[in-house]
Amino acid sequence: LLLLTAALGAMVATRCPAPCICDNLRAHVLCLNGSLMAIPDTIPELTKRLDLRGNSFMVIPAGAFLATPYLTHLDLQHCKVERLEEGAFRGLGRLVYLNLASNGIALLYQESLDGLSSLQQLILEGNRIEEIQPGAFGHLGSLTVLDLRANALVYLPDMVFQGLQVLRWLRLSHNSLHVLGSEAFAALPALRRLSLDHNELQTLPGEALARLDGAIWLDLGHNPITYVAEEALAMASLRHLFLDHASLQDVAPDAFARSPQLRMLDLRENQLQGLPPLAGAGGLARVSLDGNPLLCSCLLRPFHHWLARARVQAEGACAAPPALRGRSLDSLKAPEMRCSRLRPPPGPTTQPEQPRGAGSRQCPRGCVCSPDFHHGSCENKDLREIPQHFPGDTRLLDLRRNTFRTVPPDAFPGLKELVSLHLQSCSIRTLHPGALRGLESLVYLYLTDNHLSTLAAAAFEGAPQLAYLDLDHNAFTRVPVSAFRLLPNLISLHLQHNAIGELAQGDLAGARGLRWVYLAGNAIRHIAPAALAPSKMLEKLQLQGNHLQEVPTAGLWGLPALSELKLSQNPIKHIGDSAFLPVASSLQHLYLDNMGLEQISPHAFAGLGSRIRSLYLESNKMSNIPDMSNFTGLEILNLQDVPFHCDCQLLPLHRWINKLNLRVGATCGSPAEAQGLKVKLSTAFQTCPAWGRGEAGETNPNKTKAASKPSKKKRSKKPPARSFSKSPA
């Protein structure tokens with residue numbers, strides 16, 4: 001027996017590649033810091049841990065590890081990998097740990113990670129990933145930790161993490177993220193911890209974060225966020241929030257009112273001179289304000305009183321006035337926090353003595369601003385004209401809820417560093433030519449809830465960096481023609497809840513960089529052929545809640561990148577053949593719900609196939625749907641509240657649904673004896689002549705439902721067979 005064991009050991013040892021070290025006893029193989037240019041094909045088959053750090057593979061080809069199916073741990077750090085071919089890890093169904101850190105990977109394709117059904121940790125830190133194709137993680141149903149730190153991600157599209165049903169920690173630190181799709185985190189029901197620190201987020205991405213009902217730990221530190229708005233964060237389970245080392249200058253009183261479980265709030269090293277009482281944050285136990293220039297005047301008394309009343313521990317020290325400099329917050333007494341020296345003396349011409357600091361006197365009367373903190377606010381001050389003379393380094397200017405009615409030329413002189421301008425609810429009817437002249441750094445412009453009905457391109461003269469334009473809830477009856485030709489960097493256009501009746505050719509002329517167009521809640525009845533074609537980079541088109549009576553097929557030509565189309569709540573009763581053919585090669589998310597849809601042509605989805613990730617058909621009136629068996633990449637299918645007629649014509653749908661590992665919600669609306677039953681479970685199909693044929697019918701056609709049980713037992717034997725195959729080790 002000893003001789004035989006030694007012989008077998010020697011035989012296995014001879015298969016160890018020359019530059020590697022093989023520990024057969026522990027089934028470990030190390031090939032460190034060598035000159036391997038390809039994955040060795042002589043690695044022992046029974047290897048469980050393979051360490052290939054420090055080699056030069058460049059490309060991981062399809063099926064690279066088919067010869068080592070028992071791997072549980074694979075380390076490919078510092079291997080100069082630039083590309084993962086589709087199917088690169090196919091066959092590694094037992095792998096639980098994969099480390100690809102410190103390589104040169106720039107793009108994750110849909111099938112790059114196929115075959116890793118047991119993977120629990122995926123490390124992609126320190127690559128060059130700029131884009132993640134939705135569906136790239138669709139096969140990683142066991143993943144609990146995903147590390148994408150230190151890459152080149154700029155934005156996250158909707159549903160990008162679809163398929164990660166048990167992911168608990170997502171690490172996105174040290175990227176360049178400044179845009180998150182509203183549904184970017186929608187498919188992460190088990191996520192508990194999210195790291196978004198060290199990015200370029202300028203506002204708190206509340207809409208995206210609201211999808212994370214179970215998250216308890218959120219790190220947003222080291223982002224240039226200047227302001228946390230009202231009810232900005234709606235995370236029901238959040239306990240720990242980090243907003244340290246940002247650029248915060250103000251926090252709304254009810255900013256965290258919709259995060260009732262919040263226990264710890266880290267606001268260290270910001271530019272806060274104070275905080276208001278934090279309404280609704282009843283569970284808060286600790287607030288850290290160390291490193292902020294706290295002004296311990298009478299203005300801080302309400303917050304100080306709230307700390308005592310709510311029994312919240314606060315860390316921080318006064319920066320001013322001089323008499324209190326260095327005093328900790330918890331040592332202060334209310335009478336010490338005085339305002340007498342900050343009150344201006346009577347008379348319109350004299351000004352109060354100001355603290356030292358360049359430009360600190362430069363602020364319009366009634367507004368709050370400081371050149372040291374890059375934030376100006378005149379919100380709800382009953383102003384009739386746009387104030388001027390803000391500090392020249394102001395980056396966020398909040399002028400909401402005033403009554404300007406018009407924005408004149410050169411309305412914002414000297415604000416070359418302004419990034420975000422808020423003009424919501426200001427009764428604005430006219431944006432004059434040259435209104436934004438000089439705002440050469442402006443990225444965000446919010447004009448929601450005004451009375452604008454037209455815009456001239458000249459209004460945007462001098463603001464070439466504008467990327468996000470929000471014109472929701474105005475009085476537009478059409479898209480302002482050629483208004484965007486001076487905005488080469490425009491990415492996102494909001495025109496929701498206006499009165500737009502059609503999209504005409506030329507409406508988007510010049511908007512070449514548009515990625516997202518939001519037109520929900522208008523009165524659009526018609527979209528002209530190629531009306532959207534100037535925006536060839538368009539990824540998301542939202543048309544829900546309009547008056548379209550048919551799918552605007554002709555209007556979709558020329559959009560090779562469109563991945564999301566929302567047609568929900570339009571009165572479309574019938575969808576004809578090839579309705580989505582113009583965008584069939586790119587479309588991934590299609591919303592056709594709540595339309596009163598009565599019929600879908602058998603070839604309506606021609607051209608669509610494996611790229612489709614989500615399809616919403618709920619709350620319609622059709623009784624059947626066409627064959628969708630080629631939709632092999634589906635991750636979401638919603639068929640709730642559709643009155644399916646469960647007869648033999650629906651048998652293909654029944655079979656297809658049974659093959660999907662998805663909850664689709666399809667129920668029978670008729671006949672009477674099947675009403676209310678799940679299509680997936682209904683026995684109404686057992687009387688169909690074709691019941692015993694096809695994929696479901698490899699058994700005798702005359703056998704009943706009970707006859708299908710042996711096939712289930714047969715399938716259940718597969719896991720023991722796989723575990724038995726490990727026994728030779």
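Student: Which residues are buried in H3?
Tutor: Helices are DSSP runs (H or I, at least four residues), strands likewise (E, at least two), both numbered from the N terminus. Buried means under 20% relative accessible area, exposed over 50%, partly exposed in between (1.4 Å probe, protein chains only). In H3, the buried residues are Phe303, His304, Trp306 and Leu307.

Student: How wide an arc do they cover around the axis?
Tutor: The arc is taken over the directions from the helix axis to the C-beta atoms. The four lie on the same side of H3, because their arc is only 160 degrees.

Student: What kind of model is this?
Tutor: Residues are numbered from 1 along each chain as its sequence is written, and side-chain values use heavy atoms, with hydrogens and water left out. Local features need pLDDT of at least 70, side-chain atom pairs count only at pLDDT 80 or more, and totals for chains, interfaces and linings use all residues, for this is a predicted model.

Student: Which exposed residues does H3 carry on the face turned away from its buried side?
Tutor: An α-helix has 3.6 residues a turn, so residues three or four places apart point the same way. Turned away from the buried side of H3 are His305, Ala308 and Arg309.

Student: Which strand do the buried residues of H3 pack against?
Tutor: Contact means heavy atoms within 4.5 Å. The buried residues of H3 pack against residues 313-315, strand E23.

Student: Which residue with positive phi follows H3?
Tutor: The phi in question is near 55 degrees. The residue that follows H3 is Arg311.

Student: How many disulfides are there?
Tutor: Two cysteine sulfur atoms within 2.5 Å make a disulfide. By this rule the count is six.

Student: What handedness has the link of Cys16 and Cys22?
Tutor: A disulfide joins the two, S to S 1.8 Å. Cys16 is buried, at 18% relative accessible area. With 90 degrees about the S-S bond, the link is right-handed.

Student: Which parts does the disulfide of Cys367 and Cys378 tie together, and how far apart are they in sequence?
Tutor: This disulfide has S to S 2.0 Å and is right-handed, with 115 degrees about the S-S bond. Cys367 is in the loop between E24 and strand E25 (368-370), Cys378 in the loop between strand E26 (375-377) and strand E27 (396-398), so the separation of the tied parts is eleven residues.

Student: Which cysteine sulfur is nearest to that of Cys79?
Tutor: Cys378 is buried, at 0% relative accessibility. Cys79 is in no disulfide, and the nearest cysteine sulfur, 10.0 Å away, is that of Cys31.
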